[in-house]
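Trainee: Could you show me how to read the features of a protein model, starting with its surface?

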Amino acid sequence: MVDLKKDSHIQVKDRKVFGIGMNKTGTTTLKVCLEQLGYTVCSPDLELLRCVDRGELGPIFEFAENYDGFQDWPWPLVYKEMDRRYENSKFVLTRRKNSDVWFKRLKKHSIKKGPTEYRKIAYGYEMPARKKPHHVNVYEEHSEEVRAYFAGREEDFLEVCWEEGDGWEEICGFLGHDVPEVVFPHRKKSLSRAHLILKYMKRSVGNVMDRIL
């Protein structure tokens, strides 16, 4: 395995950045931000999530040596272990403006993707339908535990909500980067009339599914 600690790219940043928000909190936006700032960011990894479920941290530590940016699963579940192992690390908690918005996004995504092992391990259920209190409790408890763990460590921890206007200034100020001259990647594309009609139809189908489920 290549020792990325010897790479000059890693030496310049001299840290790893862990996104530790639950999925559907804007983790993809964080990934794009970190990539534009020069970080090598990994994608969600089911096998690593299985390792967490089995209590096997060795493969996770080995995997982490190859990247300096992390988001989505399994990282929200192992932030304490990553903090102890990488003392110069930074941690970013992404969140939605409230738990209801988060659950709606999670449910919408589950209707689109179907049952997943990711959700089974992370939340205890493959699908969130009819289990809102449980999922909201998991989401809120995670946020509260993260805040308590990093209390008084503002240099190591940042909480952001893209829906509330957080963006480049918050991320770059926290990580010590200049704000790039590019639009913040919280994408809302301009849609043609045909796309708007399609979007409306999909929303209508989703509303029907919500009532059914």
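**Reading the surface and the interior**

Mentor: The chain exposes about 12,100 Å², and carbon and sulfur atoms supply 50% of it, where accessible areas come from the Shrake-Rupley method with a 1.4 Å probe and, for residues, only the protein chains shown count as cover. This is a predicted model, in which local features need pLDDT of at least 70 and side-chain atom pairs count only at pLDDT 80 or more, while totals for chains, interfaces and linings use all residues. Residues are numbered from 1 along each chain as its sequence is written, and side-chain values use heavy atoms, with hydrogens and water left out.

Trainee: What share of the 213 residues of the chain count as buried?

Mentor: Buried means under 20% relative accessible area, exposed means over 50%, and partly exposed lies in between (1.4 Å probe, protein chains only). Here, 42% of the 213 residues count as buried.

Trainee: In helix H6, is Lys108 buried or exposed?

Mentor: Helices are DSSP runs (H or I, at least four residues), as strands are (E, at least two), numbered from the N terminus. Lys108 belongs to helix H6, residues 99-113, and counts as exposed because its relative accessibility is 57%. Ser110 also has its place in helix H6, yet it counts as buried, at 2% relative accessibility.

Trainee: Which residues is Ser110 in contact with, leaving aside its neighbours within four places in sequence?

Mentor: Contact means heavy atoms within 4.5 Å. With those neighbours left aside, Ser110 is in contact with Arg119, Met127 and Pro128. Thr29, in helix H2 (residues 27-36), is buried at 10%, and, with its neighbours within four places in sequence left aside, Thr29 is in contact with Trp162, Phe184, Pro185 and His186.
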